[in-house]
Protein chains: 2
Amino acid sequence: MTITTVGLDADDTLWHNETIFRLTQDRFVALLAPYADEPNLREHLAAVERRNLRLYGYGVKGFTLSMIETAMEVADGADITPVLREILAAGREMLSHPVEPLAGVPETLAILADRYRLVLITKGDLMHQENKLAASGLGDLFAAVEIVSEKDRATYERVFERYGTGAAEAAMVGNSMKSDVLPAIEAGAFGAYIPYVVTWAHELADAPEGHPRYGELSAITELPAWLETMDRETA
Amino acid sequence: MTITTVGLDADDTLWHNETIFRLTQDRFVALLAPYADEPNLREHLAAVERRNLRLYGYGVKGFTLSMIETAMEVADGADITPVLREILAAGREMLSHPVEPLAGVPETLAILADRYRLVLITKGDLMHQENKLAASGLGDLFAAVEIVSEKDRATYERVFERYGTGAAEAAMVGNSMKSDVLPAIEAGAFGAYIPYVVTWAHELADAPEGHPRYGELSAITELPAWLETMDRETA
């Protein structure tokens, strides 16, 4: 087996993202403190997000709309126009937030780009993800970029077929067990899990411990060596 | 010259879209009538949309956020929470609006799919466009779907290279002179302009009259014959 293609998740794998969502949520909680206490408010927002996911998909714009909707629901008729103005501004700030690559990312991608075809595979808002990739300065290292509405087995089969030599000769790398690792392994690819400091509740799942094509890494800098090991062990 | 690949725009080429935006704008104008008169309000909304385009991109979610922002600006501190609730609901209705293929679209695509590789090339929100394609029942006729953040010469070169045999052997079909026709012709492809009853102001541009690879059709049903003529005339 020879790995030819490496798929990489973007948010919280290449750069910080969830921390920015968390900071915005904290601001949201503070703004609405007069109307709802914190645990109820967070639960309410999560419920609205789940309800809207099929219509809004993933990304900051849908998150902003869900915050606005939640705020109006908990305020129950009170005038919260100033709060809504703040929420809109918070959403725009998230969209224009500077992109900070995680430690070791630029160096590691430069090494990997010499050896493999790199494909960025991410969910989220199309223009925002493209803007972030451009701002990261990492765009030239990727042979292809796929912004997808869902990351399932069929997605990985299709993407690795189109941009590589099929899923059996590909590895997928990311911080979400549920979206990056499990469906990629199911498609026949290798899967490397690199946890981020926090994980969005929707993305939690159990690890496929002991699976021959699975690995957990503590940092992206371990990736080149892990890929070589996988290549040798499954040769 | 043999045309192998036909790119098709989606909104207002395959199904109604701009009319739904216009209806929502009319509702927006009615809701805010107490705060601003119609011409100013429409101009204000257009200005907010332009300002946000770089951050929000194209699509219903960004349009909804721009309507909310505009409403708060024109209300100037008044309590418009009920109006904002209506705007949010209008946005969700747009996202779940039934998809109505334009007259002649299913039959014409069925004919074209036998002769050419069909590629859907559209701007907008990723999940919304995928949902619309699924709801249209036309998905199986397309060899590929590309949802892009911008439609320029480079986009068409890349897409027709990836999914076809290059732009020189491809035709692009759509209702926007600026986004569908001109940049595709610039990339070396053929361009067929099929005007819709209304056009978004951002998409207006002059026709390349007399260009050997350009045609204006009054309906999509004229497309198979036009493509054959183009093939013959440039043979």
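**View 1. Side chains of strand 2 of chain A point two ways.** A:R117, A:V119 and A:I121 point one way from this strand. A:L118, A:L120 and A:T122 point the other way, and all are buried. Buried means that 20 or more other C-beta atoms, placed from the backbone, lie within 10 Å of the residue's own. Strands here are DSSP runs (E, at least two residues), numbered from the N terminus. Six of the six residues of strand 2 (residues 117-122) are buried, so the strand is largely enclosed by the rest of the structure.

This is a predicted model: local features need pLDDT of at least 70, side-chain atom pairs count only at pLDDT 80 or more, and totals for chains, interfaces and linings use all residues. Residues are numbered from 1 along each chain as its sequence is written, and chains are lettered from A in the order in which they are written.

**View 2. Strand 2 of chain A pairs with strand 1 of chain A.** Strands pair if DSSP finds at least two bridges between them. Here four bridges join strand 2 to strand 1 (residues 5-8), and the two run parallel. The bridge partner of A:T5 is A:R117.

**View 3. Strand 2 of chain A also pairs with strand 3 of chain A.** Strand 3 (residues 144-147) is parallel to strand 2, with four bridges. A:E146 is the bridge partner of A:I121.

**View 4. Chain B can be laid on chain A.** This takes a turn of 180° and a shift of 0.0 Å along the axis, with an RMSD of 0.0 Å. In chain B, the C-alpha of B:D79 is nearest the axis, 2.7 Å from it.

Notes:
Buried ≥ 20, exposed ≤ 12 C-beta atoms within 10 Å, placed from the backbone. Least-squares fit on C-alpha atoms with pLDDT ≥ 70 in both.
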